[in-house]
Amino acid sequence: MIVTIDGPAGAGKSSIARVLAERLGFQFLDTGAMYRAVTLAALRQQLTEADADQVAQLAATLTITLSGPRIWLGSEEVTAEIRSQAVNKHVAIAASNPAVRSLMVDQQRAIGARGNTVTEGRDQGTVVFPQAECKIFLTASPLERARRRHAQLQERGDTTPLEEVLEQQSLRDHRDSTRAVGPLKQPPGSEVVVTDGLSPAEVVARLEAIVRRCQ
Ligand code: C5P
């Protein structure tokens with residue numbers, strides 16, 4: 001069974017989807033982490049969004065390994081580095097590159113084929129797993145999402161002000177929903193869950209109830 005969870009940045013998808021996967025005994029696929037890993041590798045080679053061919057070539061050479069919340073590029077663990085502000089800011093280097101997306105989609109489908117999966121991203125219910133048995137669209141208001149991201153950054157000692165987080169987020173929202181390939185869209189047939197004012201435990205409980213209805 002495939003459960004897709006799509007939605008904008010900061011809706012709490014990653015943490016919620018991870019806990020949901022644990023509760024269900026499903027594997028968890030964080031597809032944003034894959035785009036982040038490609039971006040990190042590209043930034044290290046000083047590539048920009050304009051270097052689309054080189055970024056695609058680079059992506060094809062990378063071995064990205066996801067294990068629980070940890071992620072590796074080849075033999076190097078990059079779990080923390082892929083969440084840096086530099087990667088947040090430049091993730092379109094990978095996400096807006098059609099050749100990179102096609103590569104990521106193939107890898108995501110291969111992972112999904114291994115067994116029961118909770119997968120989260122922007123295009124999981126629309127492009128990657130349109131046949132998924134259970135599709136969820138998880139969202140929250142822009143300010144609530146920015147506040148959550150801001151709190152996460154502060155926990156990591158990052159002092160970026162809330163206004164800047166909000167600004168970057170709205171830029172990312174715009175790019176995510178207007179790009180030509182794999183844009184963020186509410187998948188047809190998905191259940192919409194708005195998480196404003198809900199605790200993580202309440203959101204997980206709602207999603208679990210939705211999945212049980214799909215089973
Ligand atoms: O979910 P997360 O914030 O980690 O995703 C990072 C970025 O990767 C998003 O802003 C989006 O641009 C991109 N992404 C994507 N398609 C996905 C998952 C993430 O384009 N399936």
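Predicted model: local features only at pLDDT ≥ 70, side-chain atom pairs only at ≥ 80, totals over all residues.
Leu 66 has Ile 71 in β4 as its bridge partner. Strand β3 and strand β4 (residues 70-73) pair in the antiparallel sense over four bridges, where two strands count as paired if DSSP finds at least two bridges between them. Strands here are DSSP runs of E with at least two residues, helices are runs of H or I with at least four residues, and both are numbered from the N terminus. The pairing belongs to an open, antiparallel sheet of three strands in the order β3-β4-β5. Its edge strands, β3 (64-67) and β5 (76-77), each pair on one side only.

Residues are numbered from 1 along each chain as its sequence is written, and side-chain values use heavy atoms, with hydrogens and water left out.

Parallel pairing is found around strand β1 (residues 2-6). Five bridges join β1 to strand β6 (residues 117-121), and the two run parallel. A further four bridges join β1 to strand β7 (residues 134-139), again in the parallel sense. Asp 6 stands opposite Gly 121 in β6 and opposite Phe 137 in β7. Val 3 has Cys 134 as its bridge partner in β7. Strand β7 is in turn joined by four bridges to strand β8 (residues 191-194), which runs parallel to it; in this pairing the partner of Leu 138 is Val 193 in β8.

In β1, five of five residues are buried, buried meaning under 20% relative accessible area, exposed over 50%, and partly exposed in between (1.4 Å probe, protein chains only). Ile 2, Thr 4 and Asp 6 point one way from β1, Val 3 and Ile 5 point the other way, and all are buried. In β7, six of six residues are buried. Cys 134, Ile 136 and Leu 138 lie on one side of β7 and Lys 135, Phe 137 and Thr 139 on the other, so that both faces are covered.

Taking a disulfide as a pair of cysteine sulfur atoms within 2.5 Å, the count comes to one. The bond joins Cys 134 to Cys 214, with an S to S distance of 2.4 Å. The torsion about the S-S bond of Cys 134 and Cys 214 is about 55°, and the disulfide is therefore right-handed. Because Cys 134 lies in strand β7 and Cys 214 in helix α10 (residues 200-214), the pair ties together parts that are 80 residues apart in sequence. Cys 134 is buried, with a relative accessible area of 1%, whereas Cys 214 is partly exposed at 31%.

An N or O atom in the side chain of Arg 172 is 2.6 Å from a ligand oxygen atom, and for the side chain of Arg 36 the distance to a ligand oxygen is 2.7 Å. A polar side-chain atom of Arg 149 lies 3.3 Å from an oxygen atom of the ligand. Taken alone the ligand exposes 460 Å², of which the protein buries 98%; accessible areas come from the Shrake-Rupley method with a 1.4 Å probe, and for residues only the protein chains shown count as cover.

Two loop residues complete the description. Gln 46 lies in the loop between α2 and α3 (52-61). Phi of Gln 46 is near 55°, a positive value in a residue other than glycine, and at 68% relative accessibility Gln 46 is exposed. Arg 122 lies in the loop between β6 and α7 (124-128) and is buried, with a relative accessible area of 15%. The C-alpha atoms of Arg 122 and Ser 84 are separated by 20 Å, the two residues being 38 residues apart along the chain.

Terms used:
Polar contact = N/O pair within 3.5 Å; in protein donor to acceptor, adjacent residues only side chain to side chain.
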